[in-house]
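Visitor: I am new here and would like a tour. Could you show me what we are going to talk about?

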Amino acid sequence: MDPNKRDLVKSFLLDLKHATRECIVLGREKNEETKIELDLTDEDVREEILELSVRDYCKGPEKDRGGIEGDVWVFGKVVKAREDDIKLRLGGRSEERRGG
């Protein structure tokens, strides 16, 4: 990974770790199904998100395809022997600091 991209991903993850107190797991049907299949609570999901690192990065930042304001970052993570994409978005000041 190019050093500039690595720095950008590190910055996003740092912002994410500071924002986890206000973290919202969207109750989309797909998300809820995955949580049930893997027997995860919202707190388990929050912990998995906190453990993300640069090596888990897949792509982003990208504009949301659903037209929602803010950039989407995609990470891949193996949770309970199953690999899933984790799509994340930050809003507010942290997004602005990164130039998003």
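**A guided first look**

Guide: Among contacts in the protein between residues at least 6 apart in sequence, 52% join residues at least 24 apart; contact here means heavy atoms within 4.5 Å. Please keep in mind that this is a predicted model, where local features need pLDDT of at least 70 and side-chain atom pairs count only at pLDDT 80 or more, while totals for chains, interfaces and linings use all residues. Residues are numbered from 1 along each chain as its sequence is written, and side-chain values use heavy atoms, with hydrogens and water left out.

Visitor: In what order do the elements of the protein run from the N terminus on?

Guide: Helices (H or I, at least four residues) and strands (E, at least two) are DSSP runs, numbered from the N terminus. The protein has four helices and three strands. From the N terminus on, they run α-α-α-β-β-β-α.

Visitor: What percentage of the 100 residues in the protein is buried?

Guide: Buried means under 20% relative accessible area, exposed over 50%, and partly exposed in between, with a 1.4 Å probe and protein chains only. Of the 100 residues in the protein, the buried share is 35%.

Visitor: Where do the buried residues of α1 fall, seen down its axis?

Guide: Helix α1 covers residues 3–19, and its buried residues are Val9, Phe12, Leu13, Asp15 and Leu16. Seen down the axis of α1, these fall within an arc of 160 degrees, so they line one face of the helix. The arc is that of the directions from the helix axis to the C-beta atoms. On the other side of α1, the exposed residues are Pro3, Asn4, Leu14 and His18.

Visitor: Which residue has a side-chain oxygen that reaches the backbone nitrogen of Asn4?

Guide: Look at the start of α1, where the two atoms come to within 2.6 Å. The side-chain oxygen there belongs to Asp2.

Visitor: Is Asp39 buried or exposed?

Guide: Asp39 sits in the loop between α2 (29–37) and α3 (42–50). Its phi is positive, about 55 degrees, although Asp39 is not a glycine. At 61% relative accessibility, Asp39 counts as exposed.

Visitor: In which loop is the place of Lys80?

Guide: Lys80 is a residue other than glycine with a positive phi, near 50 degrees. Its place is in the loop between β2 (71–79) and β3 (82–89).

Visitor: Which residues does a cis peptide bond join?

Guide: Go to strand β1 (residues 57–63), where Pro61 lies. With omega at about 0 degrees, the cis peptide bond joins Gly60 and Pro61.

Terms used
The expected span of a helix is 1.5 Å times one less than its number of residues. A polar contact is a pair of N or O atoms within 3.5 Å; within protein, one must be able to donate a hydrogen and the other to accept it, and residues adjacent in sequence count only if both atoms are side-chain atoms.
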